[in-house]
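Please read the following note with the structure open beside it. The points are numbered so that each can be checked in turn.

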Amino acid sequence: GDAPAGALLARVMMNRMWQHVFGEGLVATSENLGVNGAEPTHPALLECLSGELIRTGWDIKQMLRMLVTSTAYRQASTGQAAPDHPDPANQLLWRMRMRRLDAEVIRDSILAATNRLDRTMGGKPVYVKANADGSVTVDTSKLASPSAGQRRSIYLLHRRNYNLSMLSTFDQPLIATTCSRRTPAAVVSQSLMMLNDQFLFDQSQALADRVVEIAGESVDGRIKTLFRLVLVRLPNQDELKLCKASLEKQRKKYRQDARRQALAQLCHTLFNTSEFLYAE
């Protein structure tokens with residue numbers, strides 16, 4: 001930590017951690033902290049954090065805990081800059097940046113909401129396969145255990161030429177080159193994936209079953225439980241009214257198991273909301 005190389009490493013690591021938590025590093029060019037890179041927006045803060053990283057014995061968990069419990073991190077992202085605002089680019093962090101969840105986090109969050117996420121640590125990777133239609137899915141014939149297909153996305157086999165379609169669609173980086181930061185895109189294929197992928201249909205049905213198991217037959221109870229599981233909050237009165245109307249409308253479309261199918265449709269709808277896909 002006392003050597004110049006160690007000091008630079010500490011700055012690079014803290015800048016990457018800040019970038020991961022806040023969406024953009026204190027030095028925007030996280031791949032280049034040299035003279036050809038961007039200047040830090042908060043040089044004193046970067047020095048303070050890198051020094052603290054060294055003092056903690058390079059304890060990454062402790063530093064991440066410090067960042068996510070800070071006032072800067074706990075701000076809302078809903079503030080709008082006035083035309084004459086002195087910092088329209090939000091370089092001074094007067095509000096939180098809205099960030100879409102990483103591809104792996106989206107998949108893991110869906111599985112966590114359904115209570116199907118396999119949290120087993122270590123072990124064999126989860127193999128994927130390329131299908132005739134061009135999609136890449138989990139290879140169910142090579143699972144190490146019945147629940148291995150629902151393991152965290154970090155355990156999915158990452159190949160150079162192809163990866164799980166859902167992750168690729170949401171900008172999972174390729175491993176052919178280094179990736180200092182992700183560049184999230186908002187493209188039509190992401191909406192099509194969330195609306196039509198079989199994984200989403202299956203997890204929506206699983207979530208509906210979980211909601212019924214927790215909330216029973218109460219319609220209001222089901223909606224409130226669903227919001228807690230997916231959006232981690234209760235619905236307001238307008239949302240509750242809209243959801244009840246949606247359930248009734250969807251129920252009329254099904255002849256068999258109508259209430260469950262209608263609830264699964266509502267589960268699918270909440271998975272597609274911006275509130276679920278974005279960190280605010």
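1. The second largest cavity has a volume of about 30 Å³. A cavity here is a set of points, on a 1 Å grid over the protein atoms alone, where a 1.4 Å probe fits but cannot get out. Grid points are joined across faces, edges and corners, and the volume is the space filled by probe spheres set on the points. Lining residues have an atom within 4 Å of a point; for the second largest cavity they are Lys124, Pro125, Val126, Lys142, Leu143, Ala144 and Ala148. By class, five of these are nonpolar, none is polar and two are charged. (Nonpolar covers Ala, Val, Leu, Ile, Met, Phe, Trp, Tyr, Cys and Pro; charged covers Asp, Glu, Lys and Arg; the others, Gly among them, count as polar.)

2. The model is predicted: local features need pLDDT of at least 70, side-chain atom pairs count only at pLDDT 80 or more, and totals for chains, interfaces and linings use all residues. Residues are numbered from 1 along each chain as its sequence is written, and side-chain values use heavy atoms, with hydrogens and water left out.

3. How many cavities of 30 Å³ or more are there? The count is two. The largest cavity holds about 50 Å³ of space, and its lining consists of Trp18, Glu24, Gly25, Leu26, Thr41, His42, Gln91, Leu93 and Arg97. Three of these lining residues are nonpolar, four are polar and two are charged.

4. Leu93 lies in the loop between H3 and E1. (Helices, H or I with at least four residues, and strands, E with at least two, are DSSP runs numbered from the N terminus.) Leu93 counts as buried because its relative accessible area is 12%. (Buried means under 20% relative accessible area, exposed over 50% and partly exposed in between, with a 1.4 Å probe and protein chains only.)

5. With a relative accessible area of 2%, Asn90 is buried.

6. The pockets come next. A pocket is an open set of grid points with protein on both sides within 12 Å along at least five of seven lines. The largest pocket has a volume of about 890 Å³. Its lining has 28 residues, and those closest to the centre are Gln19, His20, Val21, Arg99 and Asp102. Helix H1 (4–22), helix H3 (60–68) and strand E1 (99–100) are the elements that give two or more residues to this lining. H1 provides the largest share, six residues. The lining has 15 nonpolar, six polar and seven charged residues.

7. The second largest pocket has a volume of about 450 Å³. Which of its 22 lining residues lie nearest the centre? They are Thr137, Val138, Asp197, Phe199 and Asp202. Helix H4 (103–114), strand E3 (136–138), H5 and H7 each supply at least two lining residues, and H7 gives the most, with four. Nine residues of this lining are nonpolar, eight are polar and five are charged.

8. H7 also packs against another helix. Helix H7 (residues 198–215) and helix H10 (residues 258–271) meet at an angle of about 115 degrees, with their axes 8 Å apart. (Axes are lines fitted to C-alpha atoms, for helices over the stretch in contact, and angles run from 0 to 180 degrees between N-to-C directions.) Contact, meaning heavy atoms within 4.5 Å, involves residues including Leu200, Phe201 and Leu207 of H7 and Leu263, Ala264 and Phe271 of H10. The residues of this contact comprise 10 nonpolar, five polar and two charged.

9. Val187 lies in the loop between helix H5 (165–169) and helix H6 (188–196). Val187 counts as partly exposed because its relative accessibility is 39%.

10. Finally, the whole chain may be considered. The protein chain has 11 helices and four strands. Of its 280 residues, 36% count as buried. The C-alpha trace spans about 70 × 50 × 35 Å along its principal axes.
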